[in-house]
Amino acid sequence: MNVANLQLEGLLMAVAAINHTLVRKGVLTVEEIDIALRKAEAVETGEDRSEGMSASSRDAVNFPIRLLELANQCQPEADMPSFSKLARMVGQMKEPYNDQM
């Protein structure tokens, strides 16, 4: 596996852990983090950003956001699922884009 991929994997899990801690400490709510992530995904899937991008490129851009959304859904007192489990869940929840057949 490419070292950059491993670095991104670690970064995503670190951000997920920070989000988890922020919720547990009452700094942010799960809903507030979810709204922020949904806004980020909306920007990335908007016409300006995704025009001319293939579906696989859009999936690549949205993968980290979707992974963090799933991690955010974990209860603050529960253990965080592994990266591989979250990645599988992202693949299972992926919906087709409007331009896909």
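Me: Read along the sequence, what pattern does the chain follow?

Reply: Happy to start there, with the note that this is a predicted model, where local features need pLDDT of at least 70 and side-chain atom pairs count only at pLDDT 80 or more, while totals for chains, interfaces and linings use all residues. Residues are numbered from 1 along each chain as its sequence is written, and side-chain values use heavy atoms, leaving out hydrogens and water. The chain has five helices and zero strands, these being DSSP runs numbered from the N terminus (helices: H or I, at least four residues; strands: E, at least two). The pattern is therefore α-α-α-α-α.

Me: What percentage of the chain's residues count as buried?

Reply: Buried means under 20% relative accessible area, with exposed over 50% and partly exposed in between (1.4 Å probe, protein chains only). The C-alpha trace spans about 40 × 30 × 20 Å along its principal axes. Of the 101 residues, the share that counts as buried is 29%.

Me: At what angle do helix 1 and helix 4 pack?

Reply: Take helix 1 as residues 3-24 and helix 4 as residues 55-72, with axes 10 Å apart. Those axes are lines fitted to C-alpha atoms over the stretch in contact, and angles run from 0 to 180 degrees between N-to-C directions. On that basis the packing angle is about 35°.

Me: Is the crossing of helix 1 and helix 4 left-handed or right-handed?

Reply: A crossing is left-handed if the near helix is turned anticlockwise from the far one by less than a right angle, and right-handed if clockwise. Helix 1 passes helix 4 in a crossing that is right-handed.

Me: How many nonpolar residues does the contact of helix 1 with helix 4 have?

Reply: Contact means heavy atoms within 4.5 Å. Helix 1 contributes Leu 12, Met 13, Val 15, Ala 16 and Val 23, and helix 4 contributes Phe 63, Pro 64, Leu 67, Leu 68, Ala 71 and Asn 72. Ala, Val, Leu, Ile, Met, Phe, Trp, Tyr, Cys and Pro count as nonpolar, Asp, Glu, Lys and Arg as charged, and the others, Gly among them, as polar. With one polar and no charged residues, the number of nonpolar ones is ten.

Me: Where does helix 4 bend?

Reply: The bend at a residue is the angle between axes fitted to the seven residues ending there and the seven starting there. In helix 4 this angle is about 45°, and a proline, Pro 64, follows within four residues of the bend, which lies at Asn 62.

Me: Why does Asn 72 count as buried?

Reply: Asn 72 is found in helix 4. Leaving out residues up to four places away in sequence, Asn 72 touches Val 23, Val 30, Ile 33 and Asp 34. Asn 72 counts as buried because its relative accessibility is 7%.

Me: Which residues is Asp 34 in contact with, leaving aside neighbours within four places in sequence?

Reply: Asp 34 sits in helix 2 (residues 30-45) and is buried, at 16% relative accessibility. Its C-alpha atom is 6.3 Å from that of a residue 35 places away along the chain. The contacts of Asp 34 are Glu 69 and Asn 72.

Me: Is Gln 73 buried or exposed?

Reply: Gln 73 lies in the loop between helix 4 and helix 5 (83-93). C-alpha to C-alpha, Gln 73 is 7.2 Å from Val 30, at 43 residues apart in sequence. With a relative accessible area of 51%, Gln 73 is exposed.
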